[in-house]
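Dear colleague,

Please find the structure below, handed over for your work. A short account of the findings follows it.

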Amino acid sequence: MVDIVRRKLFQGIALVGGLAAARSLFPAPAIARIPKGTGEVVVYDGGGSWGEAKRIAYFEPFEKETGIKVIAQPRTDTGAVRASVLAGAPRYDVTILPGGKAPTFERDNLLHPIDYGYFEKADLGAFSPVKVGKFTVPAIIYSLFIAYDASKFASDAPNSWTDVWDAQKFAGRRSLMAGTWASDGGTFEAALMADGVDPSKLYPLDWDRAFKSLSRVKPSILKWWNTGAEAPQMIIDKLITAGSAWNGRVSAANEQGAKIGYTWNQGMLQYDTWVVLKGTKNADNAFKFLAFSARAENQAKFVQHILYAPPNSRAFEHVPSERAKLLPTSPEARKLQFVQDYEFWNIVSSNGKANNEIAVAQWERWISGVR
Amino acid sequence: MVPVLLLLPIVILFSVGYVVPLAQLVLKSLQHDGAWSLNSYIEIANSPAFLWIVLRTIALAATVTIVCLLIAYPLAYAISKCSPRAASLLLLIVTLPYLTSVLIRTYAWIVLLSPNGPINQLFLRLGLISEPLQMVFNSVGVYVGMVQVQLPLMVFPLYAVLARVDPSLAKAAQSLGSPPTDAFLRVTLPAAIPGVISGCTLVFLSSLGFYITPELLGGPDSYLIAQGISLRVLILGNFDEAAAQSTILMLTVIAVFLIFRQRIAEELDDRPHDNVSPSGKSSSGLSARWPILERLTAVLHGPSMRLHEALTVVRRPALYVSAGLTLLLLVLPFVVVIPLAFSNAPYLTFPPPAYSLRWFSSLLKNTQWLDALSFSLRWAGLSALLSVAIGVPAAFALVRYRFSARVPVYLLLISPLIVPHVVIAVSLFFALAGSSLIGNPLAFALSYTIIGAPYTVVVMIAGLKRFNRTLELAAASLGSSPLVTLRTVTLPLLLPTLASAALFAFIVGFDDVVFGLFLSGPTATPLPMRMWDNIRLEISPQIAVIAVLFLIVLALLMLLRLFVGAVVQGRRPQQSLHP
Amino acid sequence: MSVSTAMVSEKATAGVATSQSQRGSVSVNSLTKMFGPVKAVDDVSLSIEPGEFVALLGSSGSGKSTLLMMIAGFEVSSSGDIMLDGVRINDVPSHRRGFGMVFQSYALFPHMTIAENIAYPLRRRGLRGGDVEREVTKALKLVALDGYGARLPSQLSGGQQQRVALARALVFRPPLLLMDEPLGALDRKLRQQLQMEIKLIHKEVGSTIIFVTHDQEEALSMADRVAVLERGRLQQCGTPRELYEQPATAFVADFIGEMNFLPVELRRSGGEVCARSADVGLEVVQEASQVLTSGDRGLLAVRPEYIGLTPDERATATVLESAYTGTNQSVLVQVGSIRLTARTSVSPGRPLFQSGQRVRVEIEASHTRVFPAAR
């Protein structure tokens with residue numbers, strides 16, 4: 001371990017975080033200190049092990065380095081965040097939005113443009129597969145993929161959405177995210193892939209075909225899930241045998257002893273993005289925080305605690321390979337998946353509705369039987 | 001004049017924190033891009049889905065109401081036959097579902113009702129069924145979950161009227177030759193009608209605004225209007241459409257209110273002067289009001305005597321079995337929740353693989369949670385006191401005085417039980433936006449009071465109607481002025497009712513998530529916000545710990561009361577031996 | 001009971017000026033109470049002397065309780081005056097009237113001990129410490145419940161509870177004690193025992209008592225005077241004997257004791273009315289009272305004990321049924337188209353009347369009263 005650290009130091013790269021031995025040997029980072037500041041920055045926390053990872057990798061070291069106090073605040077739904085900005089009292093200075101929802105904030109002028117002055121040039125150029133934007137800095141990359149009960153399907157497991165749809169071959173109930181979540185749930189893409197659409201030809205989504213496909217799977221759906229915890233929990237409770245789930249939750253449950261199988265095949269890469277809300281009183285502190293969290297070493301440290309992929313690809317240089325291969329953006333996983341097209345989801349059609357809203361309206365009609 | 005003064009505080013608070021914001025929201029729904037427009041309504045009118053969702057919601061609410069009535073009646077009746085001490089214990093059990101966060105409660109139901117859950121296991125072992133029943137993630141699960149939560153709203157009004165029915169009335173009817181079942185139809189049931197109506201109205205209307213329970217326990221077809229509204233507010237941020245849908249929901253609610261306003265008003269009536277005013281007219285009964293029933297019973301009387309006799313034999317056991325099962329329904333989730341809190345598993349799994357206190361110690365180590373806990377205790381506690389302070393005088397005014405605005409005021413005060421909280425929260429948020437109250441604990445005190453005070457009003461009304469007003473007349477005759485009577489007689493005797501009113505208000509605030517989403521800030525983060533944050537991505541036994549801590553505190557309070565009671569009881573007769 | 005009267009009454013009667021010697025006279029003038037369109041109490045006037053024991057008697061809905069509640073101050077009168085010792089008290093709130101009150105449901109405060117219950121009115125009047133204790137002990141003694149002070153009401157029987165209520169209502173020595181069906185919840189034997197005790201206590205304390213009951217026997221046996229109410233109207237107020245012997249209305253005649261009514265034809269001449277019953281072959285001439293100013297049909301009222309029966313094989317009347325009650329025999333007789341109940345005293349050796357036996361019926365004209373037919 002120490003050897004690795006030394007070698008990296010010789011290469012002129014900053015210290016790896018999270019390694020106690022290294023920290024005590026080399027207490028001062030070689031470069032890239034963010035100037036000291038004052039005051040505070042209100043940051044979305046996320047709770048649970050995600051919040052814990054952020055606290056260890058970002059919040060506490062940031063406070064130590066800059067003297068700026070991080071006030072970690074729990075989740076508020078996007079609608080309430082929107083309301084708070086509209087009312088001129090943003091709920092956070094820095095928060096995280098699902099990648100599919102951030103563009104509507106951008107469009108409606110609810111975000112503060114980001115000053116990249118505190119960022120390392122090397123970090124900025126290393127964001128992949130999602131680049132930084134005028135208002136957005138990718139925060140985590142994760143996969144919505146096929147998860148199943150590994151004790152039920154040991155040798156012959158579902159390997160495509162078509163398999164998930166096939167309740168004869170793979171007996172048991174199913175769960176997918178409710179269509180009301182539109183882009184977040186990936187349910188429409190999954191439906192089209194189940195119907196044989198190649199991932200590369202998904203967009204623009206064919207709504208009719210998607211709902212026809214959903215009508216086929218509906219009889220075996222136990223329920224539509226709404227929170228990330230539900231699908232793994234239903235597999236643990238043996239209520240469903242397969243469905244969609246987020247990789248972070250599945251891996252965390254498996255680390256705790258659960259037996260949930262998964263495949264990267266036909267998985268959708270999704271991402272969350274940091275934004276600074278318009279009307280913030282701590283913009284400068286927010287930029288400092290974003291620059292800090294964009295650093296490869298800090299993101300690598302974050303990955304030690306939760307299996308969300310770092311958007312800064314340089315972080316992989318600091319992540320042990322056993323851990324790296326569990327991440328959805330590892331080379332093996334990456335090639336089986338595709339990046340969800342958030343641009344499509346935010347195209348506004350002639351009636352003034354974005355595809356995100358069109359999907360919800362159609363879902364409501366379909367679920368109430370009038371579609 | 002007196003009722004005006006008594007109602008003034010609550011009406012002012014409700015106007016500022018509830019009526020005006022809602023009115024603003026309605027106005028907002030009539031605007032589009034800053035201009036007057038019916039756009040949002042046209043959108044709804046053009047969507048057949050909305051109508052279907054509304055109809056489905058109404059059907060669900062109606063079913064829940066009927067089920068609640070059928071199982072709450074025997075329970076309320078049995079409680080009304082108990083001694084006051086036993087009755088207050090049983091009423092407390094009825095409120096138990098409120099003590100657990102909606103998430104842990106629904107999770108408990110998922111465990112209990114699942115195909116390999118304890119209930120199915122039991123039925124299988126007893127040979128009642130040959131393969132597991134599907135009881136969760138379909139309408140059964142939704143009914144079970146909703147009925148459990150809504151039951152108190154039905155039991156309390158029913159109990160209030162049944163406790164008031166003079167058992168000698170039914171006995172008198174029996175002695176005059178009507179069989180017990182018939183006496184029930186003619187005497188007991190008519191007397192309970194106001195309670196039935198008001199319980200049904202409360203359950204039905206507040207079921208319209210439910211969404212978390214159906215969302216978590218419902219099957220793939222479950223989709224209700226409040227779900228649509230909260231989706232628009234919380235996820236889409238489409239406030240205009242949400243406001244329009246809420247307005248339609250509120251208009252529906254107001255329409256139902258108007259249809260039943262007379263019956264609801266009857267629920268308010270207490271008859272303190274039973275032994276004062278001419279009493280002969282009050283025993284007219286159901287048959288007098290519905291002549292058809294009179295004829296029907298007359299026709300059936302002869303043949304039904306035998307049936308009645310047969311029924312009489314099973315009536316009592318059936319009543320108690322039914323009441324017992326209902327109580328079981330209420331406490332069953334705790335069978336799951338308590339072991340879960342002591343689980344040593346990192347995620348929820350039942351039965352727990354092994355037991356430990358890890359989730360208790362993890363709670364005590366987490367300063368964020370402890371801060372949030374103390375915030376919630378403090379402000380939910382304050383708002384409980386505030387709810388009692390403004391709700392109790394209001395209940396007095398509504399029960400004890402006759403004035404023209406009585407029914408409208410009553411409806412206003414209980415309406416927060418019905419309007420979806422997400423709508424109240426978003427309207428309050430826009431009303432407060434720009435002031436320094438967002439992120440201020442005072443905003444929580446205000447909103448918790450608005451959702452808590454209706455419970456204190458409902459509970460106090462029930463308590464006041466049960467209250468024997470002759471005691472107040474006696475106090476007056478002994479030279480006690482009304483205020484002194486209040487202090488020395490009325491309030492001490494209503495203490496248990498006051499306590500349960502405060503408990504209700506406290507729990508409603510303590511369990512709130514929705515207002516937290518809009519009103520919290522760096523210095524104001526309630527516990528459920530932290531809990532929700534955790535639960536979104538990983539459900540851990542942590543949330544069961546809070547429920548168990550709650551139970552422990554409650555059990556200690558009960559023990560204390562029993563202990564004090566025993567000491568008092570034990571001391572007095574001894575003293576009397578040595579005067 | 002020798003309560004420190006001066007001190008208590010000083011505070012008790014604040015707002016009601018009274019002179020010590022004359023305390024407790026009540027008069028009610030043209031009192032009316034409307035419940036919506038219903039006249040619960042209809043123009044009732046009544047005058048009660050200090051120390052008098054008056055029963056308000058009537059069936060349920062007669063207005064007797066409403067009248068009591070107005071006197072107590074729990075109901076507001078629609079019109080008319082309520083006077084206490086010559087002072088109008090309609091507007092004095094109940095807690096300043098200083099009357100004792102006993103309720104049918106006892107109305108003991110369940111959260112207070114017996115002693116605390118009895119001390120309650122004393123404390124309201126500013127008594128403290130030893131004075132209170134002394135008075136409570138005396139009051140308990142008065143109702144024969146010494147030593148029960150530390151118990152809770154729920155630990156006492158119904159009769160004991162009502163005695164406590166009585167002690168509590170008397171402990172502050174009120175000029176007037178109101179009792180609303182106080183014995184209604186008790187069984188017969190206990191009721192009779194308490195009737196006696198209440199009479200004794202009345203003698204001892206000397207307060208004016210207004211006592212509401214629907215039990216005529218109770219009213220007649222306890223009260224100095226009985227006021228009979230029916231449909232909100234005062235029918236008659238008089239001593240038990242007056243009510244029994246000279247009922248003012250057919251209602252009172254029927255309500256108090258047993259009474260036979262015979263339909264009669266009326267003929268008027270001068271100041272007199274002649275009532276004739278074809279069935280019994282009887283003619284009675286009476287002074288035309290106010291109630292008999294018009295109409296040619298009436299009812300002749302006669303008590304069973306003023307109907308004489310003599311066995312007579314040739315008579316047209318027949319014994320239908322009879323009941324032997326020890327000193328008396330009640331006999332139901334068919335005379336023409338009507339039935340009469342007679343009560344005859346039983347003397348040793350004389351045979352009892354038997355069903356089917358023919359009897360001659362004699363009515364003492366001086367003990368009959370004539371009422372108009374439309375009751």
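How many helices and strands does the secondary structure of chain C come to? In this predicted model, chain C has 10 helices and 20 strands. Its C-alpha atoms fill a box of roughly 80 × 50 × 35 Å, taken along the principal axes. Of the 375 residues in chain C, 45% are buried. As for contacts in chain C between residues at least 6 apart in sequence, 67% join residues at least 24 apart.

Chain C is also in contact with chain B, where 40 residues of chain C meet 25 residues of chain B. On the chain B side of this contact, at least two residues each are supplied by α20 (470-477), α21 (482-510) and α24 (542-577). The largest share comes from α20(B), with six residues. By residue class, the side of chain B that touches chain C holds 13 nonpolar residues, 11 polar residues and one charged residue.

Chain B is in contact with chain A as well: 45 residues of chain B and 50 residues of chain A take part. On chain A, the elements that give two or more residues to this side include the helices α3 (48-66), α4 (78-86), α10 (230-236), α11 (247-255) and α17 (355-367). The strands β2 (69-73) and β7 (221-225) of chain A likewise give two or more residues each. The side of chain A that touches chain B divides into 20 nonpolar, 18 polar and 12 charged residues.

With kind regards

Conventions:
Residues are numbered from 1 along each chain as its sequence is written. Chains are lettered from A and ligands numbered from 1 in the order in which they are written. This is a predicted model: local features need pLDDT of at least 70, side-chain atom pairs count only at pLDDT 80 or more; totals for chains, interfaces and linings use all residues. Two residues are in contact if their C-beta atoms, placed from the backbone, lie within 7 Å. Helices (H or I, at least four residues) and strands (E, at least two) are DSSP runs, numbered from the N terminus. Ala, Val, Leu, Ile, Met, Phe, Trp, Tyr, Cys and Pro count as nonpolar, Asp, Glu, Lys and Arg as charged, and the others, Gly among them, as polar. A residue is buried if 20 or more other C-beta atoms lie within 10 Å of its own, exposed if 12 or fewer, and partly exposed in between; C-beta atoms are placed from the backbone.
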